[in-house]
Amino acid sequence: MSGGTEEPERYRTDTYGRSFADVYDEWYPTDDATRAAARRISRLADGHRVLELGVGTGRLALELADLGVTVVGLDPSTDMLDALRAKDPGGRVEAGPGDAADPGTWPEGPFAVVVAADNLLCNLHDAADQERCVAAAAAHLRPGGHLVVQAFVAAPLLGRERNLEVRSVDAGGVRLIATDVDPTTGAVAGAHVELVDGRPPRVRPWRVVPVAVEDLDRWCVGSGLTLVERHADWDGGEFGPAAAGHVSTYRRS
Ligand SMILES: C[S@@+](CC[C@H](N)C(=O)[O-])C[C@H]1O[C@@H](n2cnc3c(N)ncnc32)[C@H](O)[C@@H]1O
């Protein structure tokens, strides 16, 4: 029997959901950007089925369903999927377990649109998984179908960066965000830490791996997808070198 300190649990595909499912809708409520995303995707779907990778609590998927779009979603987190089902007892969104990096777990296509929003690609373990996901998305599109990717644009790597930010502090406790950037891959390991009087400490780990738009374009071209438009946001803002994020739409020829 080991008398040593227990190893922390390894970061898994369902770690993000375990960390945030209980607060996700409170911290990231449906907003104008969500509604603009739903309108844009609904236009592309043109009455056909949409697959959302990393459907989560259904923030975007339920907006799509409200517009009359048939949405299928996958997510590796049962916590997230349970939160979605609690909001969608009638099952308007057909959601189930799946890993965006493992096409064997995807629902059967073809789809008119595959959506990887909210930095979904950055949630995957590494560039190989991200490229596999792009290829699987292309293979699940009907001819003329679209892949829509929304993600942040990573800042240039300056070397190893560790930060501790105070998110809020009051007489009841403190909430911190710790981050550690890997200087070779740009992967960011982070944790939201809550130390609140009268409650056990809570740590919410997360991890993101940035995707350069040049890599994304190359993977898409390799999978038979052509870039049709790239904006800075869902409202169609102009994309340029200073953009913090991008919404990129590719078409299967
Ligand atoms: C930032 S949330 C976005 C949720 C949702 N798209 C929305 O509209 O709010 C990211 C989601 O991706 C999921 N996720 C993480 N790793 C994944 C993977 N390997 N495959 C599919 N989804 C994944 C998480 O469980 C989480 O639900």
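**Figure 1. β7 pairs with β8 in the antiparallel sense, over nine bridges.** The model is predicted; local features need pLDDT of at least 70, side-chain atom pairs count only at pLDDT 80 or more, and totals for chains, interfaces and linings use all residues. Residues are numbered from 1 along each chain as its sequence is written. Strand β8 spans residues 188-196. Strands (E, at least two residues) and helices (H or I, at least four residues) are DSSP runs, numbered from the N terminus. Two strands pair if DSSP finds at least two bridges between them. Threonine 179 stands opposite glycine 190 in β8. The β7-β8 hairpin has six residues between the strands. Within that hairpin, glycine 186 takes a positive phi near 80°.

**Figure 2. β6 and β7 form a hairpin with two residues between them.** Strand β6 covers residues 161-170, and strand β7 covers residues 173-181. Nine bridges join the two, which run antiparallel. Aspartate 170 has glycine 173 of β7 as its bridge partner.

**Figure 3. Four strands make an open antiparallel sheet in the order β6-β7-β8-β9.** β6 and β9 (202-208) stand at the edges, each with a single partner strand, so one side of each lacks a neighbour in the sheet. Neighbouring strands are turned by 15° against each other on average, direction ignored. Axes here are lines fitted to C-alpha atoms, for helices over the stretch in contact, and angles run from 0 to 180 degrees between N-to-C directions. Seven bridges link β8 and β9 in the antiparallel sense.

**Figure 4. An open sheet of seven strands runs in the order β3-β2-β1-β4-β5-β11-β10.** Its pairing is mixed. The edges are β3 (93-97) and β10 (225-231); each has a single partner strand, so one side of each is left without a neighbour in the sheet. On average, neighbouring strands are turned by 20° against each other, direction ignored. β2 (residues 71-75) and β3 run parallel and are joined by five bridges. Valine 71 stands opposite valine 93 in β3.

Figure 5. Contact means that the C-beta atoms of two residues, placed from the backbone, lie within 7 Å.

**Figure 6. Helices α3 and α4 cross at roughly 55°.** Helix α3 holds residues 32-45, and its axis comes within 9 Å of that of α4. That makes α3 oblique to α4. Angles under 35 degrees count as roughly parallel, over 145 as roughly antiparallel, 65 to 115 as roughly perpendicular and the rest as oblique. The crossing is right-handed. A crossing counts as right-handed if the near helix is turned clockwise from the far one by less than a right angle, and as left-handed if anticlockwise. From α3, the contact takes Thr34, Arg35, Ala37, Ala38, Ile41 and Ser42. From α4, it takes Arg59, Leu60, Glu63 and Leu64. By class, this contact has five nonpolar, two polar and three charged residues. Ala, Val, Leu, Ile, Met, Phe, Trp, Tyr, Cys and Pro count as nonpolar, Asp, Glu, Lys and Arg as charged, and the others, Gly among them, as polar.

**Figure 7. Two loops hold backbone features at proline 110 and aspartate 118.** Most residues other than glycine have a negative phi, and most peptide bonds are trans. The peptide bond from glycine 109 to proline 110 is cis, with omega near 0°. Proline 110 sits in the loop between β3 and β4 (111-116). Aspartate 118 has a positive phi of about 50°, although it is not a glycine. The loop between β4 and α6 (127-139) contains aspartate 118.

**Figure 8. The protein is divided into domain 1 (15-154 + 212-252) and domain 2 (161-208).** The bounds come from an automatic or database domain assignment. The C-alpha centres of the two domains lie 26 Å apart. Eight residues of domain 1 and five residues of domain 2 make the contact. On the side of domain 1 that touches domain 2, four residues are nonpolar, four are polar and none is charged.
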